[in-house]
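Subject: Structure handover

Hello,

Here is the structure I promised to pass on.

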Amino acid sequence: MELTDKHSSNPNQIKAVAIIPARYESIRLPGKALLEINGKPMICCVARQASKAKNIERVIVATDDQRIIDAVEADGFEAVLTSADHASGTDRIAEVAMRLDAEIVVNVQGDEPLISSESIERAVASLVAHPTAGIVTTWEPIAEPADVLNPDLVKIVVDSEGRAIYFSRAPVPWPRDAVREHGTIENALLEEPSLLRSFRKHTGLYVYRRDVLLQFTKWRQSDLERQESLEQLRALEHGVEIRAIEASTPSIGVDTQKDLEHVRKIVSSSDVRVSELNVMSGT
């Protein structure tokens, strides 16, 4: 379909548009976006959650596959066909954002069907409240020592003012004195459970100022980004202020069949519809 801009009825309102990048191909879960949860394609569950955020005026699924377009439109949501050559979801949403008159663009991950609309609302509000910030993202507490050591779980370091200082796959900040006392970080985490409060899990919700998003996708990969394989480091290295807020509830990214079954179990064991699942991800 052709992408046309839709203007807000309130000309003074900040325009925030949620764009959900969705590829059909997935190494671990082929056709992941269309796998059903409670009778609905997963991508439609995500779109429904995003549409419930009160400060989002429009939700668009950005995809490289007509099958996803058809499923999204059949469920009453908007979808746009984008290039199949994008290196990341950020590049995909930038293609769509380039054609929109929106001041704020929200990148909602297409594989988080239990994303909290309240987290989206609070992240957008934080960007509006901090004029110097170019990006707002979210984090969750870490409850298990194994998660601190897991390189697939990205850690974020936040300063006292709520600004992101660094992102890493390694355990950061490093508890030097505790590791010296107990020999290894594994022992330190077991012997001093309170250390877990020092660590935060970075979650994949991003709220961008549109101009920052468009600039970001034109910058070359930075050295730190290549080393950690984390593109948000590119923004930090270019001096972009990233604010980080705690997510309202935990979310579950669906990367494996096990993740999918877990989400399906949460949904099927509840008495509420998928569209009402803002709090269910913490059950």
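**Strand S1 and its partners**

S1 and S6 run parallel and are joined by four bridges. Within that pairing, Ile 19 stands opposite Asn 107 of S6. Please keep in mind that this is a predicted model.

S1 also pairs with strand S4 (residues 58–63), again in the parallel sense, over six bridges. There, Ala 22 has Thr 63 as its bridge partner.

How many of the seven residues of S1 are buried? The count is seven of seven. Both faces of the strand are covered. Ala 16, Ala 18, Ile 20 and Ala 22 are buried on one side, and Val 17, Ile 19 and Pro 21 on the other.

**Helices H1 and H4**

H1 is largely enclosed by the rest of the structure, because eight of its 10 residues are buried. Those buried in H1 are Met 42, Ile 43, Cys 44, Cys 45, Val 46, Ala 47, Gln 49 and Ala 50. Their cover includes S1, strand S2 (36–37), strand S3 (40–41), S4, helix H2 (66–74) and H4.

H4 covers residues 117–129, 13 residues in all. From first C-alpha to last, H4 reaches 18 Å, close to the 18 Å expected at 1.5 Å a residue. Ser 116 caps the N-terminal end of H4, with a side-chain oxygen 3.1 Å from the backbone nitrogen of Glu 118.

The buried residues of H4 are Ser 117, Ser 119, Ile 120, Glu 121, Ala 123, Val 124, Ser 126 and Leu 127. What do the buried residues of H4 pack against? Their partners are strand S1 (16–22), helix H1 (42–51), strand S6 (104–107), strand S7 (135–141), strand S10 (200–209) and strand S11 (242–246).

The largest nonpolar core has 32 residues. Ile 43, Ile 56, Val 106, Val 108 and Ile 120 touch the most other members. S1, H1, S4, H2, S6, H4 and S10 each supply at least two residues of this core. H1 gives the most, with five residues.

Take a look at Ile 120. Setting aside neighbours within four places in sequence, Ile 120 is in contact with Ala 50, Ala 53, Asn 55, Ile 56, Val 106, Val 108, Ile 115 and Leu 205.

**Strand S5**

S5 spans residues 78–81 and includes Glu 78. Is Glu 78 buried or exposed? Glu 78 counts as buried because its relative accessible area is 11%, below the 20% cut-off. Its side chain makes a polar contact of 2.6 Å with that of Arg 58.

Val 80 is also placed in S5. Val 80 is buried, with a relative accessible area of 1%. The C-alpha atoms of Val 80 and Val 61 are separated by 6.2 Å, though the two residues are 19 apart along the chain.

**Salt bridges**

Side chains of opposite charge can pair when their charged atoms come close. The count here is 15 salt bridges.

- Arg 243 and Glu 241 meet at 3.3 Å, N to O, and both are buried.
- Glu 95 and Arg 99 have their closest N and O atoms 3.6 Å apart. Glu 95 is partly exposed at 22% relative accessibility, and Arg 99 is partly exposed at 40%.
- Arg 264 and Glu 261 meet at 3.1 Å, N to O. Both lie in helix H11 (residues 257–268), three residues apart, about one turn of the helix.

One network joins Lys 32, Asp 111 and Asp 255 through salt bridges that share partners.

**Backbone points to check**

Most residues other than glycine have a negative phi, and most peptide bonds are trans. Three places here are worth a look.

- The peptide bond from Val 172 to Pro 173 is cis, with omega near 0°. Pro 173 sits in the loop between strand S9 (164–168) and helix H6 (176–182).
- Asn 38 has a positive phi, near 55°. Asn 38 is in the loop between S2 and S3.
- Ser 229 has a positive phi of about 55°. Ser 229 lies in the loop between helix H9 (223–228) and helix H10 (232–237), and is exposed at 52% relative accessibility.

Best wishes

Methods. Residues numbered from 1 in each chain as written. Predicted model: local features only at pLDDT ≥ 70, side-chain atom pairs only at ≥ 80, totals over all residues. Heavy atoms only, no water. Buried < 20%, exposed > 50% of the residue type's maximum accessible area, 1.4 Å probe, protein only. Polar contact = N/O pair within 3.5 Å; in protein donor to acceptor, adjacent residues only side chain to side chain. Expected span 1.5 Å × (residues − 1). Contact = heavy atoms within 4.5 Å. Pairing = 2+ DSSP bridges. Core = buried A, V, L, I, M, F, W, Y, C linked by side-chain atoms within 4.5 Å. Salt bridge = Lys/Arg side-chain N within 4 Å of Asp/Glu carboxyl O.
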